[in-house]
Structure formats: C-alpha cells, structure tokens
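Try each task before reading its solution.

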Amino acid sequence: MDTRETLRVLEEQVYQKKRLENRIRYMQKEERSLREGMEIYERQAAEEQGDVDELTGRTLKGFLARLQKNTYQDRLSREQAEAAAALAKYEDAKARLAEIGEEIRDMTRQLRELKKAEREYERCLEERRQQISSQSGPAAAEMARLEKEAEAIRERKREVDEAYTAGKRVKALASQMERELGEAENLGRWDAWGNGGLLTDIVKSAHLDRAGSMSRSLQKLLSDFHAELADVVQYADVQVEFDELTRFADFFWDGIFVDFAVLDKIRGARWKVQELDKEMDHIVEDLGRLAAETEKALAVNTNAVRRLAAEGTV
C-alpha cells in the first residue's frame with residue numbers, strides 16, 4: 001500500500017473518529033437527561049407509594065377511606081396503578097441508563113484506537129508535505145504558494161486578534177466610565193437644584209475621582225488601540241479633567257451657578273464617553289467579523305494544504 005492509499009485509509013478512520021465523538025456527546029447528553037428523569041420518577045414513585053400506604057395502613061386517612069366502601073377499592077386500585085406506573089418509568093430509565101453507560105464505554109475504547117490513527121494520519125500528512133515541498137514541479141509550486149498564503153493569513157489574524165482584544169478593553173472601560181459619570185450627573189442635578197448637601201458632594205466627588213482615574217487609563221488603552229488600528233485615532237480625544245478651583249468651589253461653596261457649571265462639565269464629559277462607547281460598539285463588531293473571516297480563510301488554506309499533501313504527486 002503506497003503512502004497516498006495509506007492516507008486515504010487513515011482519513012476514513014479520522015472521519016469515523018469525528019462521528020464517534022459526536023455520537024458520544026449525544027449519548028452523554030441523553031445520559032444526563034435520564035439521570036434527571038430518574039430523580040423525578042423516584043420521587044413520584046415514593047409519593048404514589050406513600051398514598052397507597054396511607055390507604056392500606058393504620059392511619060386516619062386510611063380509616064376514613066375504608067369507611068367509604070363504595071369508592072375505597074377503586075381509589076386504592078387507582079393509587080396502586082399510579083405507583084406502579086411511576087416505578088415502571090423509573091426502572092425503564094434505570095435500564096436505559098445502564099445501556100447507555102455500556103455504549104459510551106465501548107465507544108470510548110474505540111475512540112482510543114482511532115486517536116492513534118489520527119496521530120498517524122497527521123504524521124503521514126506532514127511527511128508528504130515535506131516530500132512535495134522538497135521537489136520541483138506544479139505540486140511543489142502550489143505547496144509553496146499555499147504556505148506563503150498561510151503565513152500572511154496567520155499574521156493578519158494575529159493583528160486582527162490583537163486589535164479586537166484592545167478594542168474590547170476600550171469598550172469595557174468606556175462603559176464603566178459612563179456609569180460613573182451618570183451617577184455623578186444625577187447627583188449634580190440633585191445638588192444644583194438645592195436638594196443636596198455635604199454628603200451629596202462627597203459621593204459625587206468619589207464618582208468623579210473614579211471617572212478621572214478611568215479617563216487616564218482610557219487614554220492609555222486608546223493609545224494602544226490606535227497602535228493596533230490606525231483609523232481609530234479620531235476617537236482618542238476623551239478627557240475628564242476638572243480644574244482644582246471648580247472642584248474646590250463645588251465642594252465647599254454650594255452656590256447654584258457653580259453647581260450648574262460643574263453639572264455642565266459632567267454632561268459634556270459623559271456625552272463624549274457615550275459617543276466613544278457607541279463607536280467602539282461598531283468597531284469591535286467589525287473586528288469580530290474580520291476575525292471570523294480570517295479564521296475561515298485559514299481553515300480553507302489548511303484544508304487545501306492537507307488535500308495537496310494527500311493527493312499531490314511527489
């Protein structure tokens with residue numbers, strides 16, 4: 001048997017392995033469902049048998065039921081039938097669970113053997129790939145083209161993944177910052193209309209401090225993101241800074257004009273963060289799609305390499 005024929009046999013075994021893995025997952029799902037069902041049937045059987053025991057035992061319920069001679073036997077028969085049905089369901093589930101357990105164990109043993117075939121298949125494929133690459137001719141040229149293409153796709157994937165991760169960090173921090181500014185805005189509105197006081201100012205100041213700290217972190221994340229994706233530079237202008245005089249006046253002089261000035265700054269900062277948050281939604285979504293497309297392109301390339309290795313002429 002030549003190498004290509006060996007690869008075809010091994011490829012069929014790899015396909016069987018995948019089918020077997022899917023079958024095992026399906027059986028394991030059924031196994032979990034049966035275990036849950038058995039618990040329910042066991043409780044039902046115990047409850048139904050409890051009703052039978054009450055009717056036949058020395059209990060007040062049984063005594064009163066036996067006084068009704070015209071209906072007692074029918075009622076007892078019905079309760080006994082329900083108890084037997086619940087028990088039968090439990091026993092059926094128990095038997096099926098045992099069957100499934102044995103099937104899973106048997107398939108797991110088969111899977112261990114097929115995993116060996118998969119490793120051998122990969123080894124043979126790599127050997128064939130190297131043989132083709134070391135020769136001249138159309139197959140070698142196509143292999144070289146595919147490998148060069150794969151290298152470019154992997155590099156693009158790395159860049160896209162890094163930009164996607166950086167974008168998600170920006171999005172997450174922008175959302176947190178917007179929440180902090182929202183809380184500060186609510187308190188500022190309350191304060192501006194004369195309903196606040198020292199406690200309101202303290203809590204509002206805490207929210208602004210956290211937002212300010214996040215702003216500095218956000219600038220760094222945006223800088224990193226810009227390094228990964230140059231076309232997001234227009235979103236880098238986000239600042240939440242309050243001059244010390246205004247902060248001091250807002251904290252110690254509860255004047256309505258100063259409060260309104262601070263409130264206006266909070267609203268402006270929040271609006272800018274909200275805009276950034278919205279834009280990052282679109283950018284991260286686009287990057288996610290691009291990442292999926294790149295992953296798909298790499299899979300197509302990998303399949304082409306494998307097919308050429310399996311069928312190409314050395």
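**Exercise 1.** Does Arg109 count as buried, partly exposed or exposed, and at what relative accessibility?

*Solution.* Keep in mind that this is a predicted model. Start with the cut-offs: buried is under 20% relative accessible area, and exposed is over 50%. Arg109 has 40% relative accessibility, so it counts as partly exposed. Next, look at its partner: Arg109 forms a salt bridge with Asp106, and the closest N and O atoms are 3.6 Å apart. Asp106 is partly exposed too, with a relative accessible area of 34%.

**Exercise 2.** Find the residue with which Glu30 forms a salt bridge, and say which helices the pair links.

*Solution.* First, the partner is Arg96, with the closest N and O atoms 3.3 Å apart. This pair links distant parts of the chain: Glu30 is in helix α1 and Arg96 in helix α3, 66 residues apart. Then check accessibility: Glu30 has a relative accessible area of 24% and is partly exposed, while Arg96, at 25%, is partly exposed as well. Last, widen the view: Glu30, Arg96, Glu99 and Glu103 are linked in a network of salt bridges.

**Exercise 3.** Which element gives the most to the lining of the largest pocket?

*Solution.* Step one is the volume, about 240 Å³. Of the 13 lining residues, the closest to the centre of this pocket are Glu126, Arg129, Thr302, Val305 and Arg306. Helices α3, α4 and α7 each supply at least two residues of the lining, and α7 gives the most, with five. By class, the lining has five nonpolar, two polar and six charged residues.

**Exercise 4.** Locate Thr294 and list its contacts beyond four places in sequence.

*Solution.* Thr294 sits in helix α7, residues 256-311. Its relative accessible area is 2%, so Thr294 is buried. Leaving aside neighbours within four places in sequence, Thr294 is in contact with Ile153, Arg156, Lys157 and Val160.

Conventions
Residues are numbered from 1 along each chain as its sequence is written. This is a predicted model: local features need pLDDT of at least 70, side-chain atom pairs count only at pLDDT 80 or more; totals for chains, interfaces and linings use all residues. Side-chain values use heavy atoms; hydrogens and water are left out. Buried means under 20% relative accessible area, exposed over 50%, partly exposed in between (1.4 Å probe, protein chains only). Contact means heavy atoms within 4.5 Å. On a 1 Å grid over the protein atoms alone, a cavity is a set of points where a 1.4 Å probe fits but cannot get out, and a pocket is an open set with protein on both sides within 12 Å along at least five of seven lines; lining residues have an atom within 4 Å of a point. Grid points are joined across faces, edges and corners, and a volume is the space filled by probe spheres set on the points. Ala, Val, Leu, Ile, Met, Phe, Trp, Tyr, Cys and Pro count as nonpolar, Asp, Glu, Lys and Arg as charged, and the others, Gly among them, as polar. A salt bridge is a side-chain nitrogen of Lys or Arg within 4 Å of a carboxyl oxygen of Asp or Glu.
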